[in-house]
Amino acid sequence: MKRRMDESSDEQLVERAQGGRMDAFAELAQRYQQRIYHTIFGFAKNHLDADDLTQETFMAAFKSLDGFRGQSSFFTWIYRIAVNRTLNHLKKQRREKDREELTDNIQLAEERGPASRSPELNSLAGELRQKIEEAIEALPLLYRAPVQLVLFQGLSHGQAARLLRCSENTVSWRMFKARKMIQDRMRPYLKVEESHEMR
Amino acid sequence: MRCAKYERWISDRLDGALSGEKGKKLEAHLGTCLSCRTFSRAAQRVQQEAKAIPAGSVPEGYWEESLNRLRTKLAALSPRAEKKPLFGLGWKWAFVAAPLILLAVAGGIFFFPRPAATAADYYLNDHETLGLIYSEISDSPELERAFNQVLESSIQDNLGGEGEVRESHLENPLLYRVVSDEEMAFLLEELKKEIKS
């Protein structure tokens, strides 16, 4: 039986799950839990929230499975649920948490001298990566969302636009603005790296 | 101002969203503009490093544990299977389906003699049922025509397109195949109420 489940297509599993077979839905969850988790983690940036939201996503999907009509793939459908729930979660958190973090990050960046932390190019690259991560996290959610979807998840502007319920042009614009903001924040680090490369 | 447009194109190109024509124009511009080349190089560097950021690692055994937790939560929900009986879908469905089934019942039984032991409990009085339906729809020739078509197709279904009543049709009339005794009793009770009201 287990083997039969493994071999079933998503469509077959969805049909069985809609007919009340929880093992079929559990198989779907097993197939996609890692991708959903990593997508959520990309936004939430902490394991506990990613874990909670992943569970919530699958529970919400199960509860509304009757409404799934197969117009998109199961993964696209559940992915949309995951992103929407995560964005809602982050919006709720934003007022208290994100603003504090943003302020802290800016202060931290101002306090730290980029050259003093890691003189070697290799460690500089590692630090650069960390700083980029921080810069992305510090972006307002409006810009962070398309960055997560397009840059990290590899979605097209069109796909991201549908998830975020905006136009492709808006995604394009937000990606551009996000890159400008990240580069502004990263300028000291990028310059240091350039000077190392020129030596 | 002019460079802002090209910077946006640089961003689009990194996302794979720049058309070929714009791409050529961008290349030509980059050949002459140091500022845009700098922006492009920095954007590429950020992109490259961002993509190399490792995905969040999870504790060992997490996926299995997470799945088990999900299974437990799913099991705690009222099972979907319990709401699956054909006529257990709620009143909205019943109101939509009742007239159709009524027509099918009426069509099926009106033209077929049935074994007395089962028929007595299952069917409304044929003449009364059809009489009620026709009296309800007599003001509308369209409805009457549609009803006649439904009756006709119901009969054809029973005949299997063969044009004559066979023994197998009598043993296995239309609704016997899909409706349990309990469901049929329930359905008929509800139909009676509908007709009375």
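Among contacts in chain A between residues at least 6 apart in sequence, what percentage join residues at least 24 apart? After that, please look closely at helix α4 of chain A.

Author: The percentage is 61%: that part of the contacts in chain A with a separation of at least 6 joins residues at least 24 apart. In chain B, residues 24 or more positions apart account for 61% of the contacts with a separation of 6 or more.

This is a predicted model, and confidence comes before geometry. Chain A has a mean pLDDT of 81, with 77% of its residues at 70 or more. Within chain A, confidence is highest in helix α4, residues 47-63, where the mean is 93. The lowest mean, 40, belongs to helix α6, residues 114-117. Over residues 109-119 of chain A, pLDDT stays under 50, and the model has ten contacts for this stretch beyond four places in sequence. Where pLDDT is low, the predicted coordinates should not be read in detail.

Next, the setting of the helix. Chain A contains ten helices and zero strands, so its pattern along the sequence reads α-α-α-α-α-α-α-α-α-α. Of its 199 residues, 34% count as buried. Chain B also has ten helices and zero strands, and from the N terminus on its elements run α-α-α-α-α-α-α-α-α-α. Buried residues make up 18% of the 197 residues in chain B.

Now to the helix itself, starting with its partner inside chain A. Two packed helices are described by the angle between their axes and the distance between the axes. For helix α3 of chain A, residues 22-44, and α4(A), the axes come within 9 Å and cross at roughly 135°. At that angle α3(A) is oblique to α4(A). The crossing of α3(A) and α4(A) is right-handed. On the α3(A) side, the residues that meet α4(A) are Phe25(A), Ala29(A), Gln33(A), Ile36(A), Tyr37(A), Ile40(A), Phe41(A) and Ala44(A). On the α4(A) side, they are Asp49(A), Ala50(A), Leu53(A), Thr54(A), Thr57(A), Phe58(A) and Phe62(A). By class, this contact has eleven nonpolar, three polar and one charged residues.

Some residues of α3(A) can be followed to another helix. Tyr79(A) is placed in helix α5 of chain A, residues 74-111. Leaving out residues up to four places away in sequence, Tyr79(A) touches Ile36(A) and Thr39(A). Ile36(A) is also among the residues of α3(A) that meet α4(A). The C-alpha atoms of Tyr79(A) and Ile40(A) are separated by 9.4 Å, although these residues are 39 apart along the chain. Tyr79(A) counts as buried because it has 22 C-beta neighbours inside 10 Å, and the cut-off for buried is 20 or more.

The other partner of α4(A) is in chain B. The axes of α4(A) and α4(B) come within 11 Å and cross at roughly 40°. These two helices are therefore oblique to each other, and their crossing is right-handed. From α4(A), the residues in this contact are Asp51(A), Thr54(A), Gln55(A), Phe58(A), Met59(A) and Phe62(A). They meet Ser66(B), Arg69(B), Leu70(B), Lys73(B) and Leu74(B) in α4(B). By class, the contact of α4(A) with α4(B) has five nonpolar, three polar and three charged residues. Thr54(A), Phe58(A) and Phe62(A) take part in this contact, and they are also listed in the contact with α3(A).

In total, 32 residues of chain B are in contact with 36 residues of chain A. On the side of chain B that touches chain A, α1 (2-14), α3 (34-51) and α4 (62-76) each supply at least two residues. The largest share, nine residues, comes from α4(B). By class, this side of chain B has 16 nonpolar, five polar and eleven charged residues.

A loop residue gives one more example of contact between the chains. Ala17(B) lies in the loop between α1 and α2 (20-30) of chain B. Not counting residues up to four places away in sequence, Ala17(B) touches Ser156(A), His157(A), Ser172(A) and Asp12(B). Ala17(B) counts as partly exposed because it has 19 C-beta neighbours inside 10 Å.

Note on methods: Residues are numbered from 1 along each chain as its sequence is written. Chains are lettered from A and ligands numbered from 1 in the order in which they are written. This is a predicted model: local features need pLDDT of at least 70, side-chain atom pairs count only at pLDDT 80 or more; totals for chains, interfaces and linings use all residues. pLDDT is the predictor's confidence in each residue, from 0 to 100. Helices (H or I, at least four residues) and strands (E, at least two) are DSSP runs, numbered from the N terminus. Two residues are in contact if their C-beta atoms, placed from the backbone, lie within 7 Å. Ala, Val, Leu, Ile, Met, Phe, Trp, Tyr, Cys and Pro count as nonpolar, Asp, Glu, Lys and Arg as charged, and the others, Gly among them, as polar. A residue is buried if 20 or more other C-beta atoms lie within 10 Å of its own, exposed if 12 or fewer, and partly exposed in between; C-beta atoms are placed from the backbone. Axes are lines fitted to C-alpha atoms, for helices over the stretch in contact, and angles run from 0 to 180 degrees between N-to-C directions. Angles under 35 degrees count as roughly parallel, over 145 as roughly antiparallel, 65 to 115 as roughly perpendicular and the rest as oblique. A crossing is left-handed if the near helix is turned anticlockwise from the far one by less than a right angle, and right-handed if clockwise.
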